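Here are my notes on the model you sent.

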Amino acid sequence: MDFPDSMSIEEAFARAEAEAKLAAALKESEERFSKAELPNRLNEDWRFGRPHKYAQEFAQRLNAGTAPGGEAWVDHDQGCAVRLNEEDEDLRQTEMLMPTIGSDALLSQHLQHFGTGYALYIEEDTKGPIRLSYESASTLVPSTFIMVAPGIKAEVEITYACMEGGLIFGTCNIQIAEGAELKVKSSATGTGRCMLINNIQNMGGKVRHLTSFDGLEWAREETVAEIYTPQSDIQLYSANKLGDSAVLDQHTKQIHHVGGATSNLLYKNVLDGKATATFAGNIYVAPGAHHTDAYQSNRNLLLSEDATVNSLPGLEILADKVRCSHGSASGPINEEQLFYLLSRGIPETDAKQLISTGFLAEAVDKYEA
């Protein structure tokens, strides 16, 4: 291993140690992928996600041997967006190290098509949101990387448009430095299917993250938010409208590697028709991560008796002096609210729409605050 002559012994040892850790982590990931099986009904993280239909189709399309097709573009990048290509080995390694919640085998297949998407290196405060767009009527597997420098304030909006039965499988890796503030909104729309794997690594900043899924036949979200430095703050939100026979399968982990930090989650859904929503969240507080403050809440509004909700919040606390809790509630529309609107001459369909919008507004408003 060669080092520059100007490098001190301490710096050389630190670099060698970092490179050794990276090599070990990459080897561990390769072993993890080699042992991973495609999601099935026996996989606890896919118990309600209908893997026999949707995950299998993702795998078949990714293994079809044809290049994924679709469009990717950026608006108002403010000079910080770099388009990915197959030779971005450092970023590919970053994606290899991303944690999943039951989808290692699918992430491995995603890596085989690496090279579509953008990396955002944000070193100055953004003037308005940076907007990334991914659109496909066939199959698209984009990767997004967002890296925010210390003390910087930034906002990013990502849109995934699954058109005419299109399938999009996206990954998003977020790294935020000390004192930075970042807002990220991810929206998936269309009539097709979408799967998103998000990883947030917070080293002392503040992150607000909002996901929304609207009109899709099937969607799965896996979001792992990791805190590595005290005073870090992560706020996770989701606001979704589901109708017909739509399926939404959301899994989250709030991981506190150190104490003295905060994370909060609020996921809300409105379900109509025969729609199904699943939320499985976990708060993990590592040994010694004292003075952690973490919460998660899942709320669902059912407009139809045929709609189904599966809510599975959980806690794994391995430290003392923490404040961690979770809550879940699902129920029909408030009859008094509906009666009030009907008595004012508002048609029932419009009245339910107003109530639904108000129900989801809490998550959106907290994100935008």
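**Notes on the predicted model**

1. Strand β6 (residues 143–148) pairs with β8 in the parallel sense, over six bridges. Within that pairing, isoleucine 146 has isoleucine 174 of β8 as its bridge partner. Please read this and everything below as a description of a predicted model.

2. β8 has other partners. Strand β5 (residues 139–140) also pairs with β8 in the parallel sense, here over two bridges. Threonine 139 is bridged to leucine 167 in β8. Strand β10 (residues 193–202) pairs with β8 too, again parallel, over ten bridges. Glutamine 175 has glutamine 201 of β10 as its bridge partner. Isoleucine 176 stands opposite asparagine 202 in β10.

3. How many of the ten residues of strand β8 (residues 167–176) are buried? Nine are, so β8 is largely enclosed by the rest of the structure.

4. Glycine 166 is buried, and its relative accessible area is 0%. Beyond its neighbours within four places in sequence, glycine 166 is in contact with Arg61, Ser136, Ala137, Ser138, Gly192 and Arg193. Threonine 126 is 40 residues from glycine 166 along the chain, and their C-alpha atoms are separated by 32 Å.

5. β10 is mostly covered, with ten of its ten residues buried. Both faces are covered. Arg193, Met195, Ile197, Asn199 and Gln201 are buried on one side. Cys194, Leu196, Asn198, Ile200 and Asn202 are buried on the other. β10 is also joined to β12 by ten bridges, and these two strands run parallel. Arginine 193 has tryptophan 218 of β12 as its bridge partner.

6. Is it buried or exposed? Glutamine 201 is buried: its relative accessible area is 18%, and the cut-off for buried is under 20%. A polar contact of 3.0 Å joins its side chain to that of asparagine 199. Leaving out residues up to four places away in sequence, glutamine 201 touches Asn173, Ile174, Gln175, Ile176, Glu226 and Tyr228.

7. The structure holds one cavity of 30 Å³ or more. The largest cavity has about 40 Å³ of space. Two or more lining residues come from each of β11 (206–214), β12 (218–227) and β14 (247–256). The lining consists of Phe213, Asp214, Gly215, Leu216, Glu217, Trp218, Ala219, Leu242, Ala246, Val247 and Leu248. Trp218, in this lining, is the bridge partner of arginine 193 noted above.

8. Asparagine 269 lies in strand β15 (residues 262–271). Asparagine 269 counts as buried, at 2% relative accessibility. Its side chain and that of asparagine 240 are joined by a polar contact of 2.8 Å. Not counting residues up to four places away in sequence, asparagine 269 touches Asn240, Leu248, Gln250, Ala277, Asn298, Arg299, Asn300, Leu301, Phe359 and Leu360. One of these contacts, Leu248, also lines the largest cavity.

9. On to the helices. Does the length of α1 agree or disagree with its residue count? Helix α1 (residues 9–35) has 27 residues, and at 1.5 Å a residue it should span 39 Å. Its end C-alpha atoms are 39 Å apart, which agrees. The expected span is 1.5 Å times one less than the number of residues.

10. Which residues of α1 are buried? They are Ala12, Leu26, Ser29 and Phe33. The buried residues of α1 pack against α3 (89–96) and α4 (104–112).

11. Last, the two ends of helix α5 (residues 335–343). At its start, a side-chain oxygen of asparagine 334 reaches to within 2.8 Å of the backbone nitrogen of glutamate 336. After the helix comes glycine 345, with a positive phi near 85 degrees.

Conventions:
Residues numbered from 1 in each chain as written. Predicted model: local features only at pLDDT ≥ 70, side-chain atom pairs only at ≥ 80, totals over all residues. Heavy atoms only, no water. Helix = DSSP H or I, 4+ residues; strand = E, 2+ residues; numbered from the N terminus. Buried < 20%, exposed > 50% of the residue type's maximum accessible area, 1.4 Å probe, protein only. Contact = heavy atoms within 4.5 Å. Polar contact = N/O pair within 3.5 Å; in protein donor to acceptor, adjacent residues only side chain to side chain. Pairing = 2+ DSSP bridges. 1 Å grid on protein atoms, 1.4 Å probe; cavity = no way out; pocket = protein on both sides within 12 Å on 5 of 7 lines; lining within 4 Å. Points joined across faces, edges and corners; volume = space filled by probe spheres on them.
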